[in-house]
Amino acid sequence: MKALPVEPSNAPVAIGSRIRAARQAQRMTIEQVADSTGLTKGFLSRVERDLTSPSVASLVTLCQVLSISIGDLFQVPETHLTRSGEAPRISLGGQGINERLMTARSERRIQMIRAVVEPHGRGEDELYSVDCEVETLHVVEGRFVLIFPNDRYELDAGDTVTFPGREPHTWLNPDDREAVVLWTLVPAASRT
């Protein structure tokens, strides 16, 4: 079987910002990395700005000091685009609500739901909870009321509430006009 020739790419591979992010995640200064690797601060600065490329040996040493794998520097990040009009409809319950999942269905770290709530739309009559650690509600347009067993938040456009996801709650749109809200669940709830 004949191997197909592979055309090499002359496009530069930008890894500097990933090296900088790894250094900052380790809470290290360029000077500390320089001391640990034997590389100069100036060279490391140029590498982080993609003005020069490190040798393989320097890259291996740098990755060891920063506790990252070389492969991580070259991995293409998984990106998922959801266009507003193409987001899948979901239903977490309630009346007079159109909910759309704005994050990928496969995303398990976080979930964002955009909801358009009709005038006087409301959540379940019984308080409910969502299977996630943290829930955030942000009011994009209109007014919205979030109800807990012992508390009630009357929210206007621009307001945000963050609370434990397993806290029983319900909601309503008290207005004669629709409300638009974003629910963010961390990690993603299993109920969509």
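**Close-up 1. The side chain of Thr82 and its polar partners.** In this predicted model, a polar atom of the Thr82 side chain lies 2.9 Å from the backbone oxygen of Met102. The Thr82 side chain also makes a polar contact with the side chain of His80, at 3.1 Å; a polar contact is a pair of N or O atoms within 3.5 Å, where, within protein, one must be able to donate a hydrogen and the other to accept it, and where residues adjacent in sequence count only if both atoms are side-chain atoms. Thr82 is found in the loop between helix 5 (70-74) and strand 1 (89-90), helices (H or I, at least four residues) and strands (E, at least two) being DSSP runs numbered from the N terminus. With a relative accessible area of 19%, Thr82 is buried, a word that stands for under 20% relative accessible area (1.4 Å probe, protein chains only). Residues are numbered from 1 along each chain as its sequence is written. Because the model is predicted, local features need pLDDT of at least 70 and side-chain atom pairs count only at pLDDT 80 or more, while totals for chains, interfaces and linings use all residues, and side-chain values use heavy atoms, with hydrogens and water left out.

**Close-up 2. The ring pair of Phe144 and Trp171.** The structure holds 4 aromatic pairs, in which rings of Phe, Tyr and Trp (its six-membered ring) have centres within 6.5 Å, and planes under 30 degrees apart count as stacked, over 60 as edge-to-face and the rest as tilted. The rings of Phe144 and Trp171 are stacked, because their centres are 5.5 Å apart and their planes stand at 20 degrees. Phe144 belongs to strand 5 (residues 143-148) and Trp171 to strand 8 (residues 170-172), 27 residues apart, and the pair thus links distant parts of the chain. Phe144 is buried, with a relative accessible area of 1%, and Trp171 is buried too, with 3%.

**Close-up 3. The ring pair of Phe148 and Phe163.** Here the ring centres of Phe148 and Phe163 lie 4.9 Å apart with planes at 80 degrees, so the pair is edge-to-face. Phe148 is buried, with a relative accessible area of 10%, and Phe163 counts as buried at 6% relative accessibility.

**Close-up 4. The largest nonpolar core.** This core has 24 residues, and those with the most contacts inside it are Phe144, Leu146, Trp171 and Trp183; a nonpolar core is a set of buried Ala, Val, Leu, Ile, Met, Phe, Trp, Tyr and Cys residues joined through side-chain atoms within 4.5 Å. Ring pairs link Phe144, Trp171 and Trp183 into a cluster.

Methods:
Buried < 20%, exposed > 50% of the residue type's maximum accessible area, 1.4 Å probe, protein only.
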